[in-house]
Amino acid sequence: MFFFKKTENFQCFCFKLRDDSSFLTVEFHRTVCYNGSAGRRAAPAGDKRDGNGGVRGRENVRIYLSGHEYRYAVEQMLLTLFPGERPEYPAGEPEGERLEVALHRAAVYTTASCALLRGGKRFRGTARAKNSALTDRITTERICQRLVKNAMYRAALASGLRRPVWGALTGVRPGKVLLPLIRAHGEAEALVRLERDYDVSPERAALCLDAARHTLAAADSLEGRDVCLYVGIPFCPTRCAYCSFVSQSVEKSMKLIEPFLDALLREIEATGEQARRLGLRPVAVYFGGGTPTTLSPEQLERVCAKLESCFELSALREYTVEAGRPDTITAEKLAVLRAHGVDRVSVNPQSMSDAVLEAIGRRHSAADIVAALETVRAVGGFAVNMDLIAGLPGDSAEGFRATLETVLALAPENVTVHTLSLKRGSRILAEGTPLPGAEEVGEMLDFASARLRAEGYGPYYLYRQKFMSGGFENVGWTREGCVNLYNICIMEELCSILAMGAGGSTKLIRHDGGRNLRFIAPKYPLEYIQGIDGVCAEKEQIGTFYRESGELEE
Ligand code: SF4
C-alpha cells in the first residue's frame with residue numbers, strides 16, 4: 001500500500017506498508033520518484049556513476065560479510081545499485097568507506113542488515129523473514145539471498161539513491177522472476193509480489209507481465225526436439241561508437257571474410273551432423289553479428305545453401321537476418337535471402353537524426369534508412385524489425401520522439417527499443433563522450449511505451465544489461481501476430497540454441513532443473529578461423545548433452 005505526496009520539485013514522500021511474505025514493517029523514504037520519471041536525482045553519497053547510470057570509472061568498494069558468504073548476491077546488487085564499483089573483501093576489522101552486510105538468525109526471524117558508510121555518514125537497511133518460511137535448503141538459500149539484497153537496496157535508498165524503476169530486481173531477465181510467480185500464484189498475485197517483494201515500479205511490472213504472456217504462449221508451442229539456430233557473421237562496414245564487439249580495424253578485417261566463410265561452412269556441417277543424428281528440429285534461424293548483409297549476394301547464397309543442405313528445415317517457423325546497416329542492403333542481397341526462405345529482416349537505424357548518426361560513427365543518413373526500407377518492401381515478403389537506442393550521444397527527448405515518429409511512419413512489424421548500454425572497449429566510454437542523463441532517457445522510454453501502445457504494438461520480450469543507462473531495459477515491441485520466436489526463446493531459455501559462426505554462443509537447455517550447457521566460439525574473425533578445428537570438435541558436446549540429460553526421451 002502506498003501513500004504519495006508530491007512536492008514542487010517533484011520529489012515525493014512515501015510511507016510504505018511492506019509485506020515481505022512473512023512480516024509487515026513500515027518504511028519511510030524521502031525520495032520515491034522512480035528513476036526516469038519526473039525529478040532529477042540527487043547523487044547518492046559516494047556514487048561513482050556518471051549520472052546516466054553508466055560507468056564513470058571502476059573504483060573499489062570494501063565489503064565485509066558476516067554470518068553468510070552470499071558474495072554473488074551481494075555483487076549482483078552492487079552492480080545494480082553502483083555499477084561503477086568493483087568489490088573487494090579485505091581481511092581484518094572493517095574500516096574506511098565500506099559496505100557491511102550481515103545475516104543473523106534469531107529465534108523467530110532471520111534478519112539481513114546492511115550498513116553503507118559514505119562521506120562520513122552511515123546508512124542502514126534491513127530485511128527479515130520468519131524462520132518458518134525457511135523450509136528446505138534451496139528455499140532457505142533463495143530467501144536469505146533476497147534478504148541480503150533487500151538490505152543493501154534499502155541502505156542505498158537511505159543514502160539518497162534514486163529508486164530504480166526495476167527496484168531491487170537484479171539480473172538480466174526479469175521474466176525469470178515473474179514466470180515462476182505466475183505459474184505458482186496466477187497473474188494478479190504474481191504482479192502484486194513483483195511490486196511488493198522487489199519494489200518494481202507498476203509500469204515495469206505491467207511491461208514484464210505483457211512480455212511473460214508471450215513467453216508462456218511460445219513455451220506451449222514448443223516440443224522437446226525443437227531448437228533454434230544462430231549464425232554469427234562478425235563483419236560491419238564501420239564500427240559504431242558504442243560497440244565493443246567488432247575488432248577495431250573493421251575495414252582491414254574485410255580480407256578475412258573468405259577464410260571466415262570457409263571455416264563457417266565447416267562448422268555448419270559439424271553442427272548439422274549432430275542435429276540430424278539426434279533428430280533435433282530447427283524452428284527458427286537467426287543470422288546476427290556484426291551485420292550479416294555485409295556479405296556479398298554470392299557469399300550469402302553460399303551460407304544459406306549450406307544451412308539448407310546440413311539441417312532438416314521443414315519445421316522452420318521463421319528465418320531472420322539482421323540487415324542492421326542500411327549501407328549494406330541491396331535488392332540483389334534481399335532477393336537471395338528471399339529465395340532461401342528468409343522472411344524477417346532487421347533494419348536498425350538506432351536514430352533517425354543525422355547528427356546522432358554521425359556522432360555514433362555511422363556513415364549513412366536517415367534518408368538512407370528510408371531508402372533501405374523502400375528496397376525491402378519492394379522486394380517483398382519480409383517482416384521488418386527496426387532497432388532504436390535511447391540515450392545516444394547528441395540525442396534528446398525531443399530528438400528521440402522525432403525518431404520514433406519517423407520509424408512508425410515506416411510501419412515496421414517490430415520495433416526494438418534499446419537503452420544505451422556502456423560497454424568497456426567502446427569508443428563512447430574511452431572518450432568520455434557526454435550523454436543524455438538518466439532522467440531524459442527515462443522520458444524517451446516513457447514516450448516510446450505510450451506511443452507504441454497507441455499504435456497497436458505490445459511488448460513481447462525484454463531484458464536488461466549491465467551498465468545500462470539509468471538501469472532501464474531493452475524491449476521488443478510487436479504488432480499482433482508478428483512476434484519473433486527466436487528472441488523469446490533465447491531470452492527466456494525456452495529451447496536450445498545451436499550457434500555457429502564467430503562469437504556464437506551455443507546453449508543447451510535442460511527442462512528438468514539440471515545444469516544447462518553453454519560454449520562460445522571465438523568472437524574475432526582471425527581467432528575463429530585459426531581455432532576452427534577446436535570449434536568443430538566441440539560440437540560433440542551436443543550429442544553428449546542430449547544423451548546424458550535424457551532431454552529427448554518421450
Ligand atoms: S552494427 Fe552493431 S556490431 Fe556492427 S559496429 Fe555497429 S553496433 Fe557493432
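Which residues of α5 are buried? The tour reaches that helix after an overview and a look at its neighbour.

**Before selecting anything.** The model is predicted, so local features require pLDDT of at least 70 and side-chain atom pairs pLDDT 80 or more, while totals for chains, interfaces and linings use all residues. Residues are numbered from 1 along each chain as its sequence is written.

**Whole chain.** Display the chain as a cartoon: it has 18 helices and 19 strands. Helices (H or I, at least four residues) and strands (E, at least two) are DSSP runs, numbered from the N terminus. Of the 554 residues, 47% are buried. A residue is buried if 20 or more other C-beta atoms lie within 10 Å of its own, exposed if 12 or fewer, and partly exposed in between, with C-beta atoms placed from the backbone. Two residues are in contact if their C-beta atoms, placed from the backbone, lie within 7 Å. Among contacts between residues at least 6 apart in sequence, 74% join residues at least 24 apart.

**Helix α3.** Select residues 175-185, where Gly 175, Leu 178 and Ile 182 are buried. They lie on the same side of α3 because they cover an arc of only 70° around the axis, the arc being that of the directions from the helix axis to the C-beta atoms. The face turned away from this buried side carries the exposed residues Pro 180, Arg 183 and Ala 184. Just after α3, Gly 186 takes a positive phi of about 90°.

**Helix α5.** Next, select the buried residues of α5: Arg 204, Ala 205, Leu 207, Cys 208, Ala 211, Ala 212, His 214, Thr 215 and Ala 218. They pack against α3, α4, β15 (457-463), β16 (474-479) and α15. The end C-alpha atoms of α5 are 29 Å apart, in agreement with the 28 Å that its 20 residues should span at 1.5 Å a residue; the expected span is 1.5 Å times one less than the number of residues.

**The largest nonpolar core.** A nonpolar core is a set of buried Ala, Val, Leu, Ile, Met, Phe, Trp, Tyr and Cys residues joined through C-beta atoms within 7 Å. The largest one has 148 residues, and Val 148, Met 152, Cys 228, Val 347 and Cys 489 have the most contacts inside it. Helix α2 (residues 137-158) supplies the largest share of this core, 11 residues. Centre the view on Cys 228: among the residues that it touches are Pro 282, Tyr 286, Tyr 486, Cys 489 and Ile 497, not counting residues up to four places away in sequence.

Select residues 109-118 (β7) and 121-130 (β8), antiparallel strands joined by 10 bridges. Strands pair if DSSP finds at least two bridges between them. Ser 113 has Thr 126 in β8 as its bridge partner. The hairpin has 2 residues between its strands, and Gly 119 in the turn has a positive phi of about 55°.

**Backbone exceptions.** Most residues other than glycine have a negative phi, and most peptide bonds are trans. The peptide bond from Gly 289 to Gly 290 is cis, with omega near 10°; Gly 290 is in the loop between β10 (281-289) and α8 (297-310). Gln 350, not a glycine, has a positive phi of about 70° and is buried, with 24 other C-beta atoms within 10 Å. Finish at Ala 411, also not a glycine, whose phi is positive at about 55°; Ala 411 counts as exposed, with 12 C-beta neighbours inside 10 Å.
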